[in-house]
Amino acid sequence: MEPGGDEPPGSAAMIPGVRAHVETVLLSARGGRLCFRTASRQLGVGEHPDACARSLAGHGVGLLHSTSWRHTAEGILLTYVALPDPDPSAPAEPVLDLPVTRGPDPLTPSPAVVRPVDVAAHACRHLAFLRHTDPQVAGAVTGAGELWDLIDVFTPAVAGLLPTGVR
């Protein structure tokens with residue numbers, strides 16, 4: 001799903017002709033289910049993507065992590081995941097444990113369609129991996145136990161995961 005990998009190109013907003021947008025996937029636990037909603041906007045000129053993602057997440061999140069980027073008709077879209085959602089009563093939908101979304105072959109990694117639920121599932125797989133490999137993410141686990149229990153259902157995966165047998 002993420003031809004660019006984990007970290008966003010922070011200078012995208014400063015390259016003439018490159019339009020950049022930021023989306024933040026906000027995760028919450030609702031009635032024993034993992035749910036998400038997405039907030040997005042265009043990256044301002046000279047604005048750092050992290051600052052944009054933080055403003056989209058709102059106050060009260062304990063973790064903000066860049067998860068992917070992709071090209072859209074509007075330009076480059078940088079994706080972050082945030083938890084817990086500071087507004088757990090806002091409309092949201094369930095995160096589904098879906099197969100990895102990818103292009104038709106290793107030389108065409110971008111899928112034809114990327115749905116919001118695909119982005120949320122990718123973010124959860126990525127967080128499930130980072131929970132056990134990144135001390136900052138592991139530190140954010142305390143205090144959000146139910147949410148992390150729901151994220152742990154996802155098979156941990158790193159960004160840019162290639163199909164078996166591709167080298």
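**Note on salt bridges and cores**

1. The side chains of Arg41 and Glu47 form a salt bridge, at 2.6 Å from N to O. This is a predicted model. The cut-off for buried is under 20%.

2. The whole structure holds six salt bridges. One of them pairs the side chains of Arg37 and Asp85, again at 2.6 Å from N to O. Arg37 sits in strand E2 and Asp85 in the loop between E4 and strand E5 (93-94), so this pair ties together parts 48 residues apart in sequence. Asp85 is buried, at 6% relative accessibility.

3. Arg115 bridges to Asp118, with the closest N and O atoms 2.9 Å apart. Arg115 is partly exposed at 43%; Asp118 is buried at 5%. Elsewhere, salt bridges with shared partners link Arg30, Arg37 and Asp85 into one network.

4. The largest nonpolar core counts 26 residues. Leu27, Leu34, Leu83, Val95, Leu127, Trp148 and Ile151 have the most contacts inside it. Strands E1 (20-30), E2 (33-42) and E4 (75-83) and helices H2 (116-133) and H4 (145-151) each give at least two residues to this core. H2 provides the largest share, nine residues.

5. What does Leu34 touch, leaving aside its neighbours within four places in sequence? Its contacts include Leu27, Val95, Cys124, Leu147, Leu150, Ile151 and Phe154. Ser28, Glu93 and Pro94 are also among them.

6. A second, separate core has 13 residues, including Ala20, Ala39, Leu43 and Ala53.

Methods:
Residues are numbered from 1 along each chain as its sequence is written. This is a predicted model: local features need pLDDT of at least 70, side-chain atom pairs count only at pLDDT 80 or more; totals for chains, interfaces and linings use all residues. Side-chain values use heavy atoms; hydrogens and water are left out. A nonpolar core is a set of buried Ala, Val, Leu, Ile, Met, Phe, Trp, Tyr and Cys residues joined through side-chain atoms within 4.5 Å. Buried means under 20% relative accessible area, exposed over 50%, partly exposed in between (1.4 Å probe, protein chains only). Helices (H or I, at least four residues) and strands (E, at least two) are DSSP runs, numbered from the N terminus. Contact means heavy atoms within 4.5 Å. A salt bridge is a side-chain nitrogen of Lys or Arg within 4 Å of a carboxyl oxygen of Asp or Glu.
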